[in-house]
Amino acid sequence: MAALPGVGIFGTGNVTKVLVPLLREKGFHIDAIWGRTNKEAEDAAQELQIPFHTNKIDDVLLRKTVHLVFIVCQPLLHAEISVKTLGIGKHLVCGSSGLGQADALKMFRASQYYPTLIALVNHSLRFLPAFTHMRRAIQEGYLGDAISLIQVRVQMGTLLRDKFDWICDATMGGGVVNLIGSHVIDVITFLTGQRATRVNGVVRTFTKTTNHVKGIRQVSAPDFCTFQMELEGGILVTATMHSHTSNSSFTQEITVCGAEGHLSVRGGDLFGQRVSSKGDKEEVLFVDVQDLHCRTSDTLLPRPYIKGLCKMVGALREAFLPVQEQTGWIKEPVQMAATFEDGLYVQAVLDAIQRSSEQRTWIKVSIMTESPTNQTKLLNAARLSALGIFGTGNVTKVLVPLLREKGFHIDAIWGRTNKEAEDAAQELQIPFHTNKIDDVLLRKTVHLVFIVCQPLLHAEISVKTLGIGKHLVCGSSGLGQADALKMFRASQYYPTLIALVNHSLRFLPAFTHMRRAIQEGYLGDAISLIQVRVQMGTLLRDKFDWICDATMGGGVVNLIGSHVIDVITFLTGQRATRVNGVVRTFTKTTNHVKGIRQVSAPDFCTFQMELEGGILVTATMHSHTSNSSFTQEITVCGAEGHLSVRGGDLFGQRVSSKGDKEEVLFVDVQDLHCRTSDTLLPRPYIKGLCKMVGALREAFLPVQEQTGWIKEPVQMAATFEDGLYVQAVLDAIQRSSEQRTWIKVSIMTESPTNQTKLLNAARLSAVTLH
């Protein structure tokens, strides 16, 4: 009798513990196992009685007794191991087609170079008897001449385990879409012989923390997905899947409908009903009575998938047995298995579903045919990896998870003191920390800089960053117009670099919808009035710092008013010509700030602005609410009606509408992955920042060079020129309050030899004794 090839396995998880008994039952010998660490590999080898273990990929692939490789480790490594396996001349069954189409294309190309080798993707539903019977029934005309509709419903318990690993991370292949959706997409093509042309999907992550995964690390892997697919022949597919059932039970139902009846696979059984049949009861066409010899309750793959895997292993046995050579095989037993070409198609559909969810529209399924010299995905990851942060406060602790969620890697952090930087680096798991500005800017890996430290340093760091040739997002435009002008001039000298001010309200969906409604004439031909009301809890903390000092950028005018002024220009396209303001500091001492040091940062401001086109703006803001709640309402009025953004939602009412109730135009249902109650920026500002970070990702991704970018995704962001205008308005409001009169907004164009603001500060520091 011919000998079956020796098997090497990559992976030590629960699927491996089911796969090994299945292989042995069919006569295969497991010769080697690979684990992420040597200890992990050793423990698995002892438990599964495998003679050789290692944590080095080549040690398995180069073993002379290994001729068939199973890859069931984390998807990040699937492409690398697959290409090496085929290159060495060994047969291969891989758990997935990698991470994205770039990985899948590499695997497909490798399988084309070595056509004499088995190269299969473990889409095991193809081998489940219920689906083979369903396919035969479709081909024999059970449903009539054509299929019209396919409905899929999958529900299961959580996929998450008792520690943070790749299963928790969408970018690493975790989540119900990758782990279950990939099999569903493949089996639909298997049943129909047709592929998807376009898709519409919604992907969500509802469970972002668990008892075991919380704090800085959060779950990004989706636990819900619904999508529709249009196939080549006009068939519509609708699928919904989630991992929210309260127990570990698994339910899967796939129903195929045609003119003459329908077929349903529920679990592992096949049911059907013809239109011509009498009664309303389905007939049982196949019942799966096979009993598995292994426990499956604790595996990633549910019972039907394991049963399909069992049949697939049996087919592999039949492929090898008739041939005398240990590496020889025949095609027929495995000809219905998924190839790497099928895997590439599945990845194309998964990519389209994800993009459809992000863009909220139907997306054409486009299969990658050109492979870049280096994988696009890895290039993108490299480009997004270069980021340095200045600042260690609460905003930083919100910003870092947002950046990581979008694929950026934080490479360095700066703090005011070395201890402050070290503590932040440890808490946020950032590899490099320093209290020297140049140490961050001169790091070769840093190509994008975020500045969220005290405003006193914004101009200095910004000018240095742009001068060195690195992209920049700054939390403000410095202290006064002199700083803002320096930053603006630097951005003009280096127009090929990103230089943005973090006025994040521009990216809040409610304001983008409001702007569009204004442009489309919701308010009539012209705007007459804009009213702004902001109230919040105290901005002061439990020690004296820059937040307490008006000259250092503290207070409600600088921290909130700057955003309000900017978003008004964003909405209207007009700038202020003159202002009238009242600025006050009512809370001058606290339990933590008293004695010689007192609070000078204003906690109340009201101002009026006249814009270029005659619009009047009136705004009132204060930080005197007794709790930490934040309320912001911006109302824009015109001849035909009004629009209001309250928090993150948009309401509107036309004069012509009946009744006195506003209509809801947009409701913000996005849930943040981070706590915001203790941050300087309130919730709507953080949500805008999240969208802005996403836009930055889109600006960098399409370009091959590490410092390259495209303008379109960030074209609505505030530039340093916008920042200079905002500083001019803030200066005018302050002078109006001091002089108690209307003040013309004058934008500085000439920079003094010594900054006017620092000279003024020097004059104010003089003390006269009587």
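**Group meeting: a threonine, some rings and a helix**

Hi everyone, let's start with T171, which sits in the loop between β7 (147-156) and α7 (176-192). Before I go on, please keep in mind that this is a predicted model.

Now to the aromatic rings. How many aromatic pairs does a search of the whole structure find? The search finds seven, and I'd like to show you two of them. Among them is F10 with W34, whose ring centres are 5.8 Å apart with the planes at 40°, so this pair is tilted. It links distant parts of the chain, with F10 in strand β1 (residues 6-10) and W34 in strand β2 (residues 30-34), 24 residues apart. F10 is buried, at a relative accessible area of 0%, and W34 counts as buried too, at 5% relative accessibility.

The other pair I picked is F250 with Y305, which is edge-to-face: 5.9 Å centre to centre and 85° between the planes. Here F250 belongs to strand β11 (residues 250-258) and Y305 to helix α8 (residues 303-320), so the pair ties together parts that are 55 residues apart in sequence. As for accessibility, F250 is partly exposed at 22%, whereas Y305 is buried at 0%.

Staying with rings, let's bring in some charge. R578 lies over the face of W742, 4.9 Å from the ring centre. Likewise, the charged end of R646 sits over the ring of F651, at 4.7 Å from the centre of that ring.

I'll finish with a helix, α19, which covers residues 720-739. Its 20 residues reach 28 Å from the first C-alpha to the last, close to the 28 Å expected at 1.5 Å a residue. How many of the 20 residues of α19 are buried? The count is 14, and the helix is mostly covered. And what comes just after α19? There you find R740, which takes a positive phi of about 55°.

Technical notes:
Residues numbered from 1 in each chain as written. Predicted model: local features only at pLDDT ≥ 70, side-chain atom pairs only at ≥ 80, totals over all residues. Heavy atoms only, no water. Helix = DSSP H or I, 4+ residues; strand = E, 2+ residues; numbered from the N terminus. Phe/Tyr/Trp six-rings, centres within 6.5 Å; stacked < 30°, edge-to-face > 60°. Buried < 20%, exposed > 50% of the residue type's maximum accessible area, 1.4 Å probe, protein only. Lys NZ or Arg CZ within 6 Å of the ring centre and 35° of its normal. Expected span 1.5 Å × (residues − 1).
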